[in-house]
Amino acid sequence: MGDIIKAYQFNPSKSAGLMKPIIYCSPTKESIELAVSVNYPLAKEFQKQGTAMMRTMRLENNLLTVLETLDDNPVIKEFDVLFNPAYQTDVLKALINVCRKKQFSVIWPGRYADGKLYYAEEGYKDYKVYNIEDYDITVVV
């Protein structure tokens, strides 16, 4: 289901209205500088909920709340707070669900290899491997 596109083949104007996240794995320095960090505003939203269970239940709403403060079709970066293992959530599914309500793209905070997205390093509690074929996303490598 997921698409993998080489950066030189990707045309952002053709992705408008797809209602699925565009995930950049090899962003340019300029695109990183233009992207909006959402870690701090997300953490502030999560502080409003007391327990990890409540934060898990409100994760998508919190992300949407933060995204609604941004311009149309933003590129976001630094959203590592979503990967907190206490939240027990599939971050890619959350990104997909929120993207249906407000379109955005992300600069992946991990690495890409062999059709998979990796977050963190093996052996850490927040380590995750996402098989791109299992998600309705477009990954630009």
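1. Ground rules. The model is predicted: local features need pLDDT of at least 70, side-chain atom pairs count only at pLDDT 80 or more, and totals for chains, interfaces and linings use all residues. Residues are numbered from 1 along each chain as its sequence is written, and side-chain values use heavy atoms, with hydrogens and water left out.

2. Helix α2 spans residues 39-47. Helices here are DSSP runs (H or I, at least four residues), strands are DSSP runs too (E, at least two), and both are numbered from the N terminus. Leu-42, Glu-45 and Phe-46 are buried in α2. Buried means under 20% relative accessible area, exposed over 50%, and partly exposed in between (1.4 Å probe, protein chains only). An α-helix has 3.6 residues a turn, so residues three or four places apart point the same way. Tyr-40 and Gln-47 lie on the other side and are exposed. The buried residues of α2 pack against α3 (52-67), where contact means heavy atoms within 4.5 Å.

3. Helix α4, enclosed. Of the 9 residues of α4, 7 are buried, so the helix is largely enclosed by the rest of the structure. The buried residues are Val-91, Leu-92, Ala-94, Leu-95, Ile-96, Val-98 and Cys-99. They pack against β2, α3, β7 (116-119) and β8 (128-131). Asp-90 caps the N-terminal end of α4. Its side-chain oxygen lies 3.1 Å from the backbone nitrogen of Leu-92.

4. Salt bridges. How many salt bridges does the whole structure hold? The search finds 4. Each is a side-chain nitrogen of Lys or Arg within 4 Å of a carboxyl oxygen of Asp or Glu. Lys-20 and Asp-3 form one, at 3.0 Å from N to O. This pair links distant parts of the chain, 17 residues apart: Lys-20 is in the loop between β1 (3-5) and β2 (22-24), Asp-3 in strand β1. Lys-20 is buried at 9% relative accessibility, while Asp-3 is partly exposed at 34%.

5. Two further bridges. Glu-45 of α2 meets Lys-48 at 3.1 Å, N to O. Glu-45 is buried, at 14%; Lys-48 is exposed, at 62%. Lys-102 and Asp-72 meet at 3.9 Å, N to O. They are 30 residues apart, with Lys-102 in the loop between α4 (91-99) and β5 (105-107) and Asp-72 in the loop between α3 and β4 (75-77). Lys-102 is buried at 13%, whereas Asp-72 is exposed at 72%. Shared partners join Asp-3, Lys-20 and Asp-136 into one salt-bridge network.

6. The structure holds 8 aromatic pairs. Rings of Phe, Tyr and Trp (its six-membered ring) pair if their centres lie within 6.5 Å; planes under 30 degrees apart count as stacked, over 60 as edge-to-face and the rest as tilted. Phe-46 and Tyr-87 form a tilted pair, 4.9 Å centre to centre with 35° between the planes. Phe-46 sits in helix α2 and Tyr-87 in the loop between β4 and α4, 41 residues apart. Both are buried. Elsewhere, Phe-79, Phe-83, Trp-108, Tyr-119, Tyr-130 and Tyr-135 form one aromatic cluster.

Definitions and conventions:
Polar contact = N/O pair within 3.5 Å; in protein donor to acceptor, adjacent residues only side chain to side chain.
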